[in-house]
Structures are given as C-alpha cells and as structure tokens.
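The sequence and the structure come before the text.

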Amino acid sequence: MTILRSPGDGSYTDREAKVPLHELPNWGNALVVNTSRAFQVRCSIGDKSRTFFRFAKIPTIPVEFPVPELDAERYNMDGWDHLAITLNMEKDLASLDLQGRFGRDDNALIVHASLVRNAVNETKQDLLTIEKNDGEMPPTSIFDLMQVRSKSGDPRYARFSDQYPLLDVEGVAAMVTRYVKELRSA
Amino acid sequence: MSTIHPTQLDGNPIQDLPLSALLQPASDIVKASGLESIHQIGFYQKNNFQFFFEFDTGHPTGEIRPLFPAMDSEELLAEGWDHLALELHLAVQKVTLVIRGYYFREPVPLDFQMTVVQGPAGYLKDSIVITDRRTQEAENTSFKDIMEIRLKSGDPKYAGSNDVYGSMTITRMVKILNRYLRDWTVSHRIIERH
C-alpha cells in the first residue's frame with residue numbers, strides 16, 4: 001500500500017492510498033448486476049457512527065466491496081457535528097456524495113461535496129458547496145482545492161502524493177475536512 | 001479460516017431455517033467479514049423493499065454473505081402490516097431476530113416489536129411489546145406466551161400442533177404472529193376507560 005505523505009505542518013497524519021473512486025465499479029458491478037439496481041454504501045459519522053449497505057433486493061452473491069476506511073473518532077474531533085459519506089454505485093459509475101455539518105455552534109458550516117466518476121475515469125461531476133449562516137459561498141470543486149498551495153509551495157489541502165485522477169473516498173473526505181477546518185478558523 | 005456451511009450459504013436467501021440453525025453460519029459469516037457483528041435488515045412496505053447490511057465502527061476486511069429469510073412482501077402487507085422491518089443480527093454464537101413494524105386493522109393501529117435472541121443453549125431473550133397508538137399503552141408478552149395460548153379444546157390457538165418453541169423457522173414465527181395480531185386488534189377495538 002502506498003503511503004501518502006502529508007504536508008509538513010504537522011496538523012495532518014499520513015494516509016494509505018485506498019481504492020480510487022473510478023476503480024470502485026470493478027467491485028460494485030457484480031452486485032449491481034446481481035440485484036438489478038444501483039446500491040449505496042453510506043458511512044455516517046456523528047453521535048453513533050455506522051456503516052450501511054443498501055440494496056433494492058437481497059443479494060445472492062457475497063458482498064465484497066472496499067468500504068471507505070474513515071476514522072469516525074478523528075472526524076468527530078476535527079469538528080464534524082455529523083457527516084454522511086454516501087457512495088452510489090451504478091454499473092460502471094461511482095458517485096461520491098459528502099454531506100455534513102461542520103462545527104457545533106451557530107456558525108456551523110453546511111457542507112456538500114459531490115464527485116462522480118465512471119469506470120474509464122472520466123469525471124462526470126465535481127462540486128463543493130458550503131453554506132454559512134450568512135449565505136452560500138460560491139461553489140468550488142475538489143479539483144480547485146487541490147490547486148491551492150501554501151506559501152512554501154506545498155499543497156494546502158491535499159497530500160503531496162494525491163493525484164486528482166486517482167482520488168479515493170478517504171482522500172476527498174480528508175481534503176474537504178482540512179478546507180472547512182481552515183474556513184472555520186479564518 | 002472459518003468454514004461456511006455450503007447448503008445454507010450458497011448465495012441464496014434462506015427460506016425455512018430456525019434461528020438455532022443460523023448460529024454456526026452466523027459465526028462463520030462474522031468471522032469471514034472481519035467484523036464483530038453484522039445487522040441485516042429487510043424493510044417491507046408497499047412497492048418498496050430495501051435490504052440493508054449495517055455495522056458499527058470498523059470496516060469489513062473480508063466478504064459479507066447474506067443470510068436472510070426471503071419473505072413474500074405482498075403476503076406480509078396483506079396481513080395488515082403497513083410496514084415491517086425484519087432484522088437478523090449476526091454475531092459469534094449469537095443470532096438476534098428483531099421484528100418491528102406498524103400494523104393496522106380497522107380501527108386499531110399498533111406498533112409492534114419482538115426481540116428473540118438465540119444462543120448456543122436456546123433462546124436467551126424473548127420479548128414482545130405491542131403499543132396501541134390510540135392510547136400509547138404498551139402491552140408486554142413473549143412468543144412463548146403466544147404459543148401457549150390454547151383453545152377450550154386444549155389445542156394451541158395460534159401455533160400449529162407440530163410447532164415446537166425454539167425450533168421454528170422465521171417464516172413460521174411470522175405466520176403465528178400474524179394470527180395473534182389479527183385477534184389482538186379485534187379484542188382491542190374498544191378502548192377501555194379507566
């Protein structure tokens with residue numbers, strides 16, 4: 001497993017590279033075919049963190065799918081009041097939807113990110129919207145976040161080894177967390 | 001390496017197995033998944049069936065095999081269920097069956113919840129709570145109590161003569177519950193004033 005090094009400011013831990021979003025259909029397609037419908041995987045982080053698979057019918061094959069490895073405790077400590085990360089798996093298409101409330105006071109941010117990729121790694125959607133108590137900020141994207149750099153030239157929200165075409169669920173969640181954390185403290 | 005019983009886990013939803021027969025496969029499934037426990041939930045509602053796997057913290061490091069009774073959705077809803085969640089919680093040497101839902105037969109709306117926990121030596125828990133939505137009064141009973149209700153003739157009222165407590169299939173248990181709930185709504189038509 002590749003270790004993705006974090007920028008050297010000490011505020012973020014290194015992370016292993018997981019399955020890129022566009023490779024998830026390799027795991028999900030058999031289940032989509034078996035159940036004749038899309039299925040969802042949801043990791044919810046909050047008072048009680050849980051992970052769900054949702055199917056339109058009972059699968060008749062074993063479920064082998066790389067569930068996002070999210071450290072619920074860490075995300076809670078980072079400041080998420082609640083966070084739901086949902087993967088909608090269709091045939092040859094993976095849609096990542098991240099929705100949550102960052103902060104536990106009146107100034108909490110309502111965060112929504114969406115990244116959709118097909119099996120040949122075409123990005124069908126990449127959107128990040130944040131609502132503050134005084135209105136919605138102009139929408140941005142995960143791609144834009146990855147371009148932001150610190151004065152030193154280091155990526156500000158991404159890790160050194162993060163590559164846009166190879167982004168995984170854990171990487172997107174980590175990047176968005178870092179971004180909203182900075183927004184809150186600004 | 002855990003072993004999975006081939007006849008019960010061939011990838012098809014189980015049909016007619018008692019909870020006691022699920023104990024070993026449940027242990028195998030949980031061990032193979034790398035999790036401590038797995039909840040399987042079938043949610044039945046008109047034109048809407050959904051099946052869930054649910055687990056707390058952690059992520060599976062192996063495959064998860066479905067081990068869930070295939071129930072006829074239309075049959076269930078025709079009995080009076082508005083919606084029904086059938087849950088099987090799998091853990092090592094423990095299987096928990098939870099049935100909960102909203103049942104309505106004019107004029108009685110009720111919330112139903114049953115929990116039966118199967119351990120290696122038999123049921124560890126057997127409880128039923130029926131709440132009349134009109135009064136919010138809850139009535140406690142158990143599946144054992146329901147099976148022991150008899151007619152004047154001495155025959156069991158809701159169970160069949162061949163039914164044995166502790167070794168019945170889930171679908172059979174649901175059938176007995178349906179009979180009981182039908183009678184329950186008849187006997188609770190009139191709200192008693194205290």
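The model is predicted. Chain A contains four helices and nine strands, in the order β-β-α-β-β-α-β-β-β-β-β-α-α from the N terminus. Its radius of gyration of 17 Å is close to the 16 Å given by the globule rule for 186 residues, so chain A is as compact as a globular protein of that length. Among contacts in chain A between residues at least 6 apart in sequence, 55% join residues at least 24 apart.

| Property of chain A | Value |
|---|---|
| Box along the principal axes, C-alpha atoms | roughly 50 × 35 × 30 Å |
| Buried share of the 186 residues | 35% |

Helix H1(A), residues 24–35, has twelve residues. From its first C-alpha to its last H1(A) reaches 17 Å, close to the 16 Å expected at 1.5 Å a residue. Leu24(A), Pro25(A), Gly28(A) and Leu31(A) are the buried residues of H1(A). Viewed down the helix axis they fall within an arc of 130°, so they line one face of H1(A). These buried residues pack against strands S3 (39–45), S5 (80–90) and S6 (93–102) of chain A.

At the interface, 20 residues of chain B are in contact with 19 residues of chain A. On the chain B side, the residues comprise eleven nonpolar, five polar and four charged. Strand S4 (residues 50–55) of chain A and strand S2 (residues 48–55) of chain B run antiparallel and are joined by five bridges. Within S2(B), Phe55(B) stands opposite Thr51(A).

Terms used: Residues are numbered from 1 along each chain as its sequence is written. Chains are lettered from A and ligands numbered from 1 in the order in which they are written. This is a predicted model: local features need pLDDT of at least 70, side-chain atom pairs count only at pLDDT 80 or more; totals for chains, interfaces and linings use all residues. Two residues are in contact if their C-beta atoms, placed from the backbone, lie within 7 Å. Ala, Val, Leu, Ile, Met, Phe, Trp, Tyr, Cys and Pro count as nonpolar, Asp, Glu, Lys and Arg as charged, and the others, Gly among them, as polar. Two strands pair if DSSP finds at least two bridges between them. Helices (H or I, at least four residues) and strands (E, at least two) are DSSP runs, numbered from the N terminus. The expected span of a helix is 1.5 Å times one less than its number of residues. A residue is buried if 20 or more other C-beta atoms lie within 10 Å of its own, exposed if 12 or fewer, and partly exposed in between; C-beta atoms are placed from the backbone. The arc is that of the directions from the helix axis to the C-beta atoms. The radius of gyration is taken over C-alpha atoms; the globule rule is 2.2 Å times the number of residues to the power 0.38.
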